[in-house]
Amino acid sequence: MISTQVTVSPQAHQDIRRLGRGAKDALGDFVRRLRADRTNRALRVLPVRAAGDNGQLCTAVLDSTRMVLLLETEENRLTVLALREGPLAYDELTRLTVDINPVSGGIELVDQAEVSANVVALPERPEPAGAPEPDSPSQPTLNLPVRLFARFDDATLTSLGVIASLLPALRKLTDARQLDALLAHNLPELTKDVLLALHGGMDPDNVRQHITSQWKADEQVDPHDWAQAARRPVSQVSTEDAAVLDALGSSFDAWRLFLHPEQQRLATATFKGSAKVTGGPGTGKTVVALHRVRHLVDQLQPGHTRPLLLTTYNTNLAADLRHRLQLLGGPELLRRVDIKSVDQLAREVVEEQPSLRLGRPIDDETALNLWHTVCTEAGEYEFDVEFLDSEWKHVILAQGCGTCAQYMRAPRKGRGQFQRSQRVRVWALVEAYQSKLAEAPLQTTYAQIADQAARMEEHRMSRVEAQAHYKEERGGLDLVHREAGSGMWLKPRYQHIVIDEAQDLSSSHWRMLRAMVRPGSNDIFLVGDAHQRIYSHQVVLGQLGIKTPGRASRRLTLNYRTTRQILGSAHGLVAGETFDDLDDGVDTLDGYRSVLSGLAPQLYRAPDWQTEMRTVATLIKERHDQYGTPYEAMAISVPDGASATQIALVLAYPPFSIPATQLGKDGPQSSEGVRIGTMHRFKGLEFQRVFLTSVSDGQVPHQRIEIHRLSNPQRYRQEEQRGRSLLFVAATRARDELVITWNGKASRYLPRDAAQQAVNAADLLAGEGPPSTSAA
Ligand SMILES: Nc1ncnc2c1ncn2[C@@H]1O[C@H](COP(=O)(O)OP(=O)(O)OP(=O)(O)O)[C@@H](O)[C@H]1O
C-alpha cells in the first residue's frame with residue numbers, strides 16, 4: 001500500500017509556532033496517524049468544499065480542542081494548510097480564503113474576518129503633516145486620510161505577488177500603524193515582503209527585480225491545478241516527509257524546514273561547475289550552505305567516506321557549522337562531511353608529509369611583533385608592520401614569490417603605488433623575517449602553512465589529472481603500479497567543497513581548495529559577502545580557477561536576523577563605499593531588506609570608560625531582570641583584550657554580579673554568561689542584544705590609520721573601508737536590540753547628530769535617564 005504523504009504549508013507552520021508546544025505535539029501525532037491510515041475515522045476528515053479541478057478542502061480533528069484545514073489533491077497526498085484551537089476552530093478554518101498565488105504558484109490563505117476585525121477596524125488616523133509617503137509629492141490635505149497603497153493599482157500589486165483576496169482590506173489602510181497590525185497576521189510571506197518594500201519606498205520595478213523574480217514559479221501557473229500547486233516547494237515547509245516529522249517531534253526551527261524560494265533553488269540546483277552566493281548579513285547564506293551540503297550528501301553513493309568538505313574561516317565558526325548541520329541532518333549527515341576551518345585543513349595537509357618540519361604556528365600578534373623586531377634590527381622604519389605582514393601574505397606568499405626577482409614582477413592590484421627600490425627593501429626585510437622564523441625553536445605562520453598546503457595540493461592534483469589521462473589513454477584500465485612507490489591510484493581529496501565566509505579567505509586558501517576537487521559539476525559552492533571582509537584582501541576568484549558565470553553567481557537580499565531599524569543604521573556605515581563581488585565585479589546591497597521590525601539603535605555617551613562600562617552593566621542587568629533576556633543571548637564588543645578584562649570585572653562585582661565569558665578564537669569559553677569580545681570575534685555569530693562599546697573617536701577606526709592619510713591615501717582608504725566593514729559586521733549581529741556606547745567624542749562613523757541623539761550615561765547612572773525602551 002502506498003503510504004499517505006502529508007506535508008505542512010508555511011502558514012500552517014506559522015500557526016504551530018504561534019500556538020506552541022501542545023499544538024506541535026498534537027499535529028505530530030495527527031500526521032503520524034494520518035500517514036498510517038488515511039481512513040481512520042477517529043481523525044474525522046470531512047470535506048468542506050472543492051478546490052479547482054483536482055482539489056478538495058477538508059477539516060480534521062487533532063484532539064478535543066484543535067482542528068486543521070487540509071487540502072487533499074490526490075488519493076494519498078494531504079497538505080495541512082492551517083491549524084486553530086478553541087470552540088470557534090471549525091468556523092475560523094472554514095471561513096479562510098484559500099488561493100493559488102498566480103506569481104509563485106504557492107497555496108496561500110487569508111483570514112478576511114480577522115483582518116477586518118483587527119486591522120481595518122482600527123480607528124482611522126491621518127498621516128501627520130510633514131510625513132508624506134515616499135514618492136508621492138502631491139499629498140491630499142491634512143484631514144483626508146491617505147490610502148496607503150493608493151498609487152499602486154490592483155494589477156500592479158497582484159503582478160508583484162500580493163494575494164488578490166487581501167486587496168479589499170488593503171485598500172482601506174490609511175496609516176502605518178494599521179499596516180503594522182496587518183503584517184502581524186499570518187499572511188503569505190510574498191505578500192508581506194512586497195507590501196513592506198513598497199511602503200519602505202522601493203519602486204515596483206525594484207520590487208519585481210529583487211523580490212517577485214525570486215518567488216516566480218519556474219513554469220506557467222495554472223490557477224485550477226491544485227495538485228501541482230500542492231507539490232511546489234513554496235507550498236510546503238519541507239519537501240521531505242521525514243524532516244517534517246522529525247521537526248514535529250523535536251525543535252521546529254524555521255530555517256531547518258522552510259527556505260525562501262531563492263534559498264531553496266540555490267540549495268538544490270545543479271551547476272555545471274562552481275557556484276557563488278553573495279548577500280548582506282543575515283540573508284541566510286550559511287543556511288543555504290548547510291542545506292546545500294545536505295542536498296549534495298543525498299546524491300552521494302552510499303558509503304563510509306567523507307567526500308564532502310564544509311569549511312569556513314576559523315575554528316569557532318567551524319564548530320558553529322557542525323552544530324547547525326547536526327540540527328539539520330543529525331549524525332547520519334555529519335558522517336559524510338568533513339568540517340574544518342581552512343587553516344586547520346591546511347595544517348593537516350602539510351602534516352601529512354613527515355619530512356617537512358613544520359614549526360609552531362604563531363598568532364597574528366606574535367607575527368607583528370616579529371616584524372617589529374626585524375625592522376628595528378635593520379634600522380628600517382619606512383614600512384609599518386601591518387603593511388609588511390599583509391604584503392608578505394597577500395602578494396609574496398599568495399603569488400608564490402620565492403625570489404626577489406619574482407617579487408619585483410608580481411602584480412599588486414589595488415595595493416597602491418610602490419617603487420622598485422621600495423620592493424628591494426621590503427624583500428630584504430622578508431628574508432630577515434623568514435630567517436627569524438627558521439631559528440630554533442622553529443616557527444611558522446598560518447599564511448606559510450596555507451601556501452605550503454596549496455603547493456602540495458596543486459602537485460597532488462596534477463598527478464591525479466595525469467593518472468586520469470593515462471587511464472583514459474589505456475581505455476579505462478587501471479595500472480596498479482603506475483604511481484611509483486605508492487602502488488596506489490590517487491583520488492581527488494573531495495567530490496564537493498562548500499565554503500562559508502568566503503570573503504576572508506586568502507589566495508593560498510583558494511589555491512589549496514581549488515586543487516582539492518576536480519573541476520566539474522557542483523565542485524565548489526561558496527557563500528560570502530565582501531561588505532563583511534575584515535581580514536583578507538580582495539581576490540579575483542576567476543583568476544584562481546573558480547569561475548561562476550551568469551546564473552552560477554546569485555545574491556540573497558532578504559535579511560532574517562536584524563530589524564529594519566538596526567539594518568537601516570548599519571547600512572549607513574558602508575553606503576558610498578565600493579565593494580567587490582569576490583570576483584572582478586562589483587557587489588551592492590541593492591534590494592537588501594528585512595521583514596522584522598523593532599527598536600531604533602540606542603546611543604549612550606559617557607564622559608569616560610569607567611562610566612561607560614557601568615552604563616553597559618546597568619543596561620544588561622535591566623534587560624535580564626526586567627525583560628528576561630538570558631545573559632548568554634547578549635554580547636559586548638570591546639576594543640582590545642585589556643578592555644575585555646576590565647569590563648568582565650565590572651560585571652562580576654556588586655552591584656551587578658553578572659556572569660560573563662570571553663569570546664576566544666574557539667568561541668565562548670563557557671556556555672553561560674554575557675559574551676565579551678573584540679568586534680573581530682563577532683564575525684558570523686548572532687545575539688539577541690548587542691552592546692558595542694568604545695565606538696569613540698580614535699578607537700573606531702583606530703587612530704593609527706591617520707598616519708596614512710597623507711602619505712598613502714590608497715592604504716588609508718583601504719583601512720577606512722575595513723574599519724567600516726568591521727563596525728558593520730558587529731552591528732548586524734543584533735537580532736532585537738543594538739546599543740552603541742562611547743566615551744569622549746563619538747566615532748566619525750556614527751551619524752553626525754549622534755551626540756545629540758544619545759542619552760547621557762551619567763544621567764542614566766544617577767537614575768535620571770529616560771525609561772528604558774528595551775522591551776524588544
Ligand atoms: N528561510 C529562513 N527562515 C527562517 N529563518 C531563516 C531563514 N534563513 C535564514 N534564517 C535565519 O536568519 C539568520 C541568519 O542566517 P545565516 O546565519 O544563514 O545568515 P548569513 O547570511 O550567513 O549571515 P552573516 O553573513 O551575517 O553571517 C539565522 O538566525 C537563520 O536561522
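Begin by selecting G284 in this predicted model: beyond the residues within four places of G284 in sequence, its contacts are W255, H260, Q263, L556 and Y560. The glycine itself sits in the loop that joins β8 (275-279) to α14 (285-298). G284 counts as buried because 23 C-beta neighbours lie inside 10 Å, and the cut-off is 20 or more.

Is T286 buried or exposed? T286 is buried, since 20 other C-beta atoms are found within 10 Å. When residues up to four places away in sequence are set aside, T286 touches D500 and V527.

Now turn to helix α21, residues 446-473. This helix has 28 residues, and from first C-alpha to last it reaches 40 Å, close to the 40 Å expected at 1.5 Å a residue. Colour its buried residues: Y446, A447, Q448, I449, A450, D451, Q452, A453, A454 and E457.

Which elements cover the buried residues of α21? Among them are the helices α16 (342-351), α18 (385-397) and α22 (507-514), together with the strands β11 (360-362) and β12 (443-445).

Finally, select G475, which follows α21 and has a positive phi, near 70°.

Conventions. Residues numbered from 1 in each chain as written. Predicted model: local features only at pLDDT ≥ 70, side-chain atom pairs only at ≥ 80, totals over all residues. Helix = DSSP H or I, 4+ residues; strand = E, 2+ residues; numbered from the N terminus. Buried ≥ 20, exposed ≤ 12 C-beta atoms within 10 Å, placed from the backbone. Contact = placed C-beta atoms within 7 Å. Expected span 1.5 Å × (residues − 1).
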